[in-house]
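This report concerns the pairing of strands in one part of a protein model and the surroundings of a charged side chain there.

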Amino acid sequence: MKRFGWMLLALCLFMAACAPNNVKEEKGWEKYFAQYKVEGTFMLFNNAQGTFKVYNLDRAKERFLPASTFKIFNSLVGLQTGVIKDTGMVIPWDGVTRKYPAWNQDLSMQQAFKVSAVPYFQEVARRIGKTNMQAWLDSVKYGNMKISRIDTFWLDNSLQISPDEELGFVKKLYFDQLPFAKTNMQTVRDVMLMEKTPKYQLSYKTGWGTAGAKQIGWIVGWVEENRHPSFFVLNIETEDPNFDMVKSRMDILRNILTEAGYFKGEM
């Protein structure tokens with residue numbers, strides 16, 4: 001109980017806007033993880049109501065490789081340093097055929113973000129350079145701030161970040177509270193917008209990496225209804241080599257948000 005109380009306090013301090021009596025552990029969300037036989041956590045912070053719901057609080061404080069969720073940070077640094085001129089900036093295909101056909105072509109920054117093209121953002125990181133990248137990691141205090149190779153550190157388990165740190169990061173991005181130009185933060189928010197309907201807007205970035213035999217999956221972002229954002233982080237893991245990460249993580253996200261009352265334009 002002592003450990004639980006400390007973690008609860010830490011989460012409240014981290015999220016600033018929440019009060020202890022508004023933090024709720026949603027054990028009922030376990031069924032969505034059990035359905036796909038995965039371990040995981042889900043965090044949901046409703047900014048307008050100040051309510052903070054968490055499934056699997058212990059895991060929410062553990063750090064994992066960010067995988068392609070790091071493209072949010074990489075894009076911000078790329079834009080801030082001028083390495084990325086704008087969302088239309090094309091990096092030519094290097095001619096190496098990879099298993100994702102959408103990557104095997106010249107891509108603009110916006111296209112590369114949407115299809116989560118690792119080679120594009122590896123080249124962005126190389127152009128930023130290790131010294132500049134480290135300075136920005138330190139400035140933002142992004143996860144453990146560790147770099148190995150400049151073009152793999154977010155994929156090889158050097159850089160690690162916890163779900164609650166991811167939540168705080170996207171919340172700061174939404175409210176222009178990161179140390180980047182507001183125009184650059186707006187640009188990244190724009191490319192994160194994946195669904196826009198009359199009832200809601202869904203903005204996110206996915207991630208998928210490996211840590212030994214484990215596959216780690218992420219979705220981080222926010223859902224906005226009536227100009228009210230709610231921030232979320234989904235983190236899951238499996239050792240099943242045949243696991244359909246792309247479909248399963250999105251199903252879990254949508255199922256939880258639907259149960260929580262989203263997608264109806266009433267939040």
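## Strand pairing and a buried glutamate

Strand E8 (residues 214-225) pairs with E9 in the antiparallel sense over eleven bridges; strands (E, at least two residues) are DSSP runs numbered from the N terminus, and two strands pair if DSSP finds at least two bridges between them. The model is predicted, so that local features need pLDDT of at least 70 and side-chain atom pairs count only at pLDDT 80 or more, while totals for chains, interfaces and linings use all residues. Residues are numbered from 1 along each chain as its sequence is written, and side-chain values use heavy atoms, with hydrogens and water left out.

Strand E9 also pairs in the antiparallel sense with E2, over eight bridges.

| Strand | Residues | Bridges to E9 |
|---|---|---|
| E8 | 214-225 | eleven bridges |
| E2 | 39-46 | eight bridges |

Opposite Glu237 of E9 stands Ile216, and Val233 in E9 is the bridge partner of Met43. The hairpin of E8 and E9 has two residues between the strands, and Asn226 there takes a positive phi near 55°. Of the eleven residues of E9 (228-238), ten are buried (under 20% relative accessible area, 1.4 Å probe, protein chains only).

Glu224 lies in strand E8. Glu224 is buried but has no salt bridge, and Arg227, the nearest side chain of opposite charge, is 6.5 Å away; a salt bridge requires a side-chain nitrogen of Lys or Arg within 4 Å of a carboxyl oxygen of Asp or Glu. The side chain of Glu224 instead makes a polar contact with that of Tyr174 at 2.9 Å (N or O atoms within 3.5 Å, one able to donate a hydrogen and the other to accept it).

Note on methods:
Buried means under 20% relative accessible area, exposed over 50%, partly exposed in between (1.4 Å probe, protein chains only). Helices (H or I, at least four residues) and strands (E, at least two) are DSSP runs, numbered from the N terminus. Lys and Arg count as positive and Asp and Glu as negative; His and the chain ends are not counted.
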